[in-house]
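Please keep the sequence and the coordinates at hand while reading.

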Amino acid sequence: LSRWYVRTLQSSLLDRGAMLAVDTVDDSSVVTVLRDIRARHEDALEYDAADDVFDQTLKADLIVNDVVTLRSADHPAIQDILSRDEGISGALVPHVVALLANESLSNHALLALIKVAEEHVGQLTDAVIDPNQQVAVRRRVARVLSAGVSQRAADGLLAALDDRRFEVRVQAARSLSAVVTRNDRLTIDAN
């Protein structure tokens with residue numbers, strides 16, 4: 001606790017010291033200290049900005065690496081990404097949805113999407129109602145949406161009930177039933 005307090009106090013003093021006007025002070029030692037504080041403050045700002053850019057670049061690079069891996073034929077590496085405890089990021093969802101078409105990876109992809117289904121209902125709804133997606137993908141995405149509890153998940157599954165393929169409609173109905181069972185406050189429009 002004291003370490004964080006000291007850091008906060010130091011940061012506050014640097015911020016406030018950097019705002020003081022040097023030309024209003026007559027004492028040369030105070031002027032020297034104020035200039036030193038201002039220089040440290042500017043260095044800290046530059047470091048924070050550079051550190052922030054580095055963190056963002058690193059995160060983007062990690063996502064790009066994951067996308068490349070997901071699109072590769074390296075099944076063990078793909079399974080490692082899909083089985084992460086923290087789940088997949090939103091940027092990876094479309095790439096994992098595409099894996100639902102792969103019989104050998106579909107179960108791993110299904111579980112990875114179920115973990116984050118409620119967070120990415122919009123992307124999953126887009127996939128389940130997209131007629132350009134393969135039937136197996138649309139059917140499996142409808143199954144993923146069964147993990148949802150929100151009105152948006154129910155609405156996506158309602159839209160999937162209009163799919164031209166019977167197996168997609170059946171899975172959408174089963175999933176909608178599961179969602180409604182978990183959340184009785186949902187409104188289902190009969191039209």
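Leaving out residues up to four places away in sequence, V179 touches L145, S146, G148, V149, S150, A154, L157 and L186, where contact means heavy atoms within 4.5 Å. The model is a predicted one, in which local features need pLDDT of at least 70 and side-chain atom pairs count only at pLDDT 80 or more, while totals for chains, interfaces and linings use all residues. Residues are numbered from 1 along each chain as its sequence is written, and side-chain values use heavy atoms, with hydrogens and water left out.

V179 is found in helix 9; helices here are DSSP runs (H or I, at least four residues), numbered from the N terminus. Although V179 and V149 are 30 residues apart in sequence, their C-alpha atoms are 5.3 Å apart in space.

Helix 9 as a whole comprises 17 residues and reaches 25 Å from its first C-alpha to its last, close to the 24 Å expected at 1.5 Å a residue; the expected span is 1.5 Å times one less than the number of residues. Its buried residues are V168, Q171, A172, S175, L176 and V179. They cover an arc of only 140° around the axis, and therefore lie on the same side of helix 9; the arc is that of the directions from the helix axis to the C-beta atoms. The face turned away from this buried side of helix 9 carries the exposed residues F166, R174 and T181. The buried residues of helix 9 pack against helix 7 and helix 8.

Helix 7 (residues 135-144) is largely enclosed by the rest of the structure, because eight of its 10 residues are buried. These are V135, A136, V137, R138, R140, V141, A142 and V144. The cover over the buried residues of helix 7 includes helix 4 (93-99), helix 5 (106-115), helix 6 (121-128), helix 8 (151-160) and helix 9 (166-182).

Within helix 6 lies T125, which is buried with a relative accessible area of 14%. Apart from its neighbours within four places in sequence, T125 is in contact with L145, R152 and G156.

As for confidence, pLDDT is the predictor's confidence in each residue, from 0 to 100. The protein averages a pLDDT of 85, and 71% of the residues score at least 70. Among the elements of the protein, helix 7 has the highest mean pLDDT (98) and helix 1 (residues 2-19) the lowest (62).

Methods:
Buried means under 20% relative accessible area, exposed over 50%, partly exposed in between (1.4 Å probe, protein chains only). Helices (H or I, at least four residues) and strands (E, at least two) are DSSP runs, numbered from the N terminus.
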